[in-house]
Amino acid sequence: MTQLEGKIPTDSQLVERAKLRSLSAFSELVQRHQRGLIRLSLRFVRDLSLAEDIVQDSLIKAFEKLHTFEGRSSFKSWIYQITVNTAKNKLRAERSGQVELRDMDFALPAEAESALIHGAVAGMLQKEIALLPFRQRTALILRVYEDLSFNEIAEIMDCPYDTAKANYRHALLKLKTAFEHQGDLRNWTPQQSTEWTLAEAEG
Amino acid sequence: MSYAELKIRHILKSNDPGAAEIPPEREQNLFAKILIGISQTSMELPAKPRAPRPPVGSPPKSARAMF
């Protein structure tokens, strides 16, 4: 162990202290994970205010329920699980209420739109993602954007490994089918040099 | 994984909604709101545990006092 590692407490150590109602320990956990959770939530709702609400609710819920966390998974997986469930509930509430998710795609700020590479194809893909069943969408988001293993995805989704993998495969196949009909994908070629290699296929 | 699937993964990764820039002041405000939320939660003290019930069949306190 290096000197630096000795000084910085691990998530598990902070959790143990936070279980004894140490606000400083829990606020350190919040600082470590808040940004990642906002990004995760944005992938579900594509609206910063809504994503912030999800993160706020999730972290307060985590603090309230911390005594139930047994440490069988990492704290990160546990808090991701809470956030995914909170996002699901928010989306359900939004759907039954005033805002349709598909409308939110058009509510993106102009600067975010202009930042999109190959915006048209990407926009269509995002709409298709919004139509996926929630579990397929979750598996896709966690795999593609978070680069998580299927073991970690299964922990977060609280399901067997094979189910997590199947949800991801179904999501990808639905997107593929949708775009094979359109021809956009066939004409699309990567513009940038990226890490995009055949190695990804094995992942 | 097919070539089309690789393309989809690549398009998604290069257009990640989660990669949008988050203004630092928004992050700070959120952090403050969460701290307020957990402070309020921690102030709600757990309910005081009830005194253990006397064993079944034992006389009431007042009766015991008589002997």
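**Entry 1: chain B.** I looked up burial in chain B of this predicted model and found that buried residues make up 13% of its 67 residues. I then listed the secondary structure of chain B, which has three helices and zero strands. Read from the N terminus, the elements of chain B follow the order α-α-α.

**Entry 2: where the chains meet.** I next examined the contact between the two chains. On one side I found 42 residues of chain A, and on the other 30 residues of chain B. I asked which helices of chain A each supply at least two residues of the side that touches chain B. They are H3 (23-45), H4 (48-64), H8 (119-131), H11 (161-182) and H13 (199-202). I noted that H3(A) gives the largest share of this side, twelve residues. Sorting the chain A side by class, I recorded 26 nonpolar, six polar and ten charged residues.

**Entry 3: a helix pair in chain A.** I turned to helix H9 (residues 134-144) and helix H10 (residues 150-157) of chain A, which pack with their axes 10 Å apart and at an angle of about 140 degrees. The crossing of H9(A) and H10(A) I recorded as right-handed.

I also looked up the residues that make this contact. From H9(A) they are Arg135(A), Thr138(A), Ala139(A), Leu142(A) and Arg143(A); from H10(A) they are Ile153(A), Ile156(A) and Met157(A).

Methods: Residues are numbered from 1 along each chain as its sequence is written. Chains are lettered from A and ligands numbered from 1 in the order in which they are written. This is a predicted model: local features need pLDDT of at least 70, side-chain atom pairs count only at pLDDT 80 or more; totals for chains, interfaces and linings use all residues. Two residues are in contact if their C-beta atoms, placed from the backbone, lie within 7 Å. Helices (H or I, at least four residues) and strands (E, at least two) are DSSP runs, numbered from the N terminus. Ala, Val, Leu, Ile, Met, Phe, Trp, Tyr, Cys and Pro count as nonpolar, Asp, Glu, Lys and Arg as charged, and the others, Gly among them, as polar. A residue is buried if 20 or more other C-beta atoms lie within 10 Å of its own, exposed if 12 or fewer, and partly exposed in between; C-beta atoms are placed from the backbone. Axes are lines fitted to C-alpha atoms, for helices over the stretch in contact, and angles run from 0 to 180 degrees between N-to-C directions. A crossing is left-handed if the near helix is turned anticlockwise from the far one by less than a right angle, and right-handed if clockwise.
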